[in-house]
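Hi everyone, and thanks for coming. I'd like to walk you through a structure that may be new to you, so please have a look at it first.

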Amino acid sequence: MSPIGSRRSPTWPVIADVALPDGSTAVVRARRVPAVSGASPTEVAAAVEAGLRRRLGEVARDVERLEIRLAHDDGIRSGRLQRIEIHAAAATLGEFARPGTPHLRVRDLSLALDDVLVNPWSAVAAGRFDPLDAGRLRLQTATVALSDLQAYVSGLKRFRRSTVAAAGDALAVTIRQAGPEITARVRMLPAADRPFALEAERVRVGGVPVPDVLVNWVIRNFDPTPRLASRMPFPAQIGRVTVRDEALRISREW
């Protein structure tokens, strides 16, 4: 059964059936989350955490020392949590439901979801974690070895022959494609409208330096951040990004 559930779901009650031109019928539902009866906040929290642990397998494998912390009050009986924090010493992240997609090994992983709304009824009744909304996702800490980042980049169809390496406090990126090779020195910076922004310098196309006024035009053709932002159901941000000791590191600085 889908997270929405049956026609009698207390969280997604049916408010109308609408006939469509092709002869099918659309079901219009309201999102209404009444408080769970017969379960204490502690019991609801335990059910939400258990469901979340099961669902993490969709995006994380080989997880080491996983910790999940829920900040909540009596509002959790209506699905409201102030924060969900997830910590792991190491994990392999990826879209495991999509064959052929690359995976990324990450260490010292810490992230937080603020102002979370979940379906408490499906958690208590069926042991499911069904998120409905969140105010913000913050990736607080993470460490990615550059060798693991290279393996991930090599798994991306468009960048299979491209390389990443340390260049002081930035990344030296080489994009090999059917046309001229592109090289650049790239930093990851905080951004208000996407998880992060890319700042490029020393951009060369086929060995020819690109004038500063044209750098953004060249880089935006390879910048994945707008697509990442469009796929996120709620705002996301990361901490300060540095490159040192052959690793890319995200720290708790906002």
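Let me begin with strand S10, residues 170-175, which is mostly covered: five of its six residues are buried. Buried here means under 20% relative accessible area, exposed means over 50%, and partly exposed is in between, using a 1.4 Å probe and protein chains only. As for the names, helices (H or I, at least four residues) and strands (E, at least two) are DSSP runs, numbered from the N terminus.

A quick word on where this comes from. This is a predicted model, in which local features need pLDDT of at least 70 and side-chain atom pairs count only at pLDDT 80 or more, while totals for chains, interfaces and linings use all residues. Residues are numbered from 1 along each chain as its sequence is written, and side-chain values use heavy atoms, with hydrogens and water left out.

Back to S10 and its neighbours. Two strands pair if DSSP finds at least two bridges between them. On one side, S10 runs antiparallel to strand S9 (residues 163-167), with five bridges joining them. Ala 166, for instance, has Leu 171 in S10 as its bridge partner. S9 and S10 make a hairpin with two residues between them, and Gly 168 in that turn has a positive phi of about 70°.

S10 also pairs with S11, again in the antiparallel sense and over five bridges. Here Val 173 has Ala 184 in S11 as its bridge partner, and Ala 172 is partnered by Arg 185 in S11. This hairpin, from S10 to S11, goes through six residues.

Now let's step back to the sheet. Five strands form an open sheet in the order S9-S10-S11-S12-S13, with antiparallel pairing. Which strands stand at the edges? They are S9 and S13 (208-209), and each has a single partner strand, so one side of each is left without a neighbour in the sheet. In general, strands of a sheet pair through backbone hydrogen bonds, either parallel or antiparallel.

Next, the packing. A nonpolar core is a set of buried Ala, Val, Leu, Ile, Met, Phe, Trp, Tyr and Cys residues joined through side-chain atoms within 4.5 Å. The largest one has 30 residues, of which Leu 149, Leu 171, Val 203 and Leu 248 touch the most other members. Strand S11 (residues 182-189) gives the most to this core, with four residues. There is also a second, separate core of 21 residues, which includes Ala 47, Leu 56, Ile 84 and Phe 129.

S4 runs antiparallel to strand S5 (residues 80-93), joined by five bridges, and Glu 67 stands opposite His 87 in S5.

Let's turn to two buried polar residues. Asp 114 lies in strand S6, residues 104-118, and is buried, with a relative accessible area of 7%. Its side chain makes polar contacts with those of Arg 83, at 3.0 Å, and Arg 138, at 3.1 Å. A polar contact is a pair of N or O atoms within 3.5 Å; within protein, one must be able to donate a hydrogen and the other to accept it, and residues adjacent in sequence count only if both atoms are side-chain atoms.

Thr 143 is found in strand S8, residues 136-145, and counts as buried at 15% relative accessibility. Its side chain has a polar contact of 3.5 Å with the side chain of Asp 108.

Finally, some backbone angles to look up. Most residues other than glycine have a negative phi, and most peptide bonds are trans. Asp 62, which is not a glycine, has a positive phi of about 50°; Asp 62 is in strand S3, residues 60-64, and counts as exposed at 57% relative accessibility. Arg 202 is not a glycine either, and has a positive phi of about 50°. Arg 202 sits in strand S12, residues 197-205, and is exposed, with a relative accessible area of 64%.

That's my tour, and I'm happy to go back to any part of the model with you.
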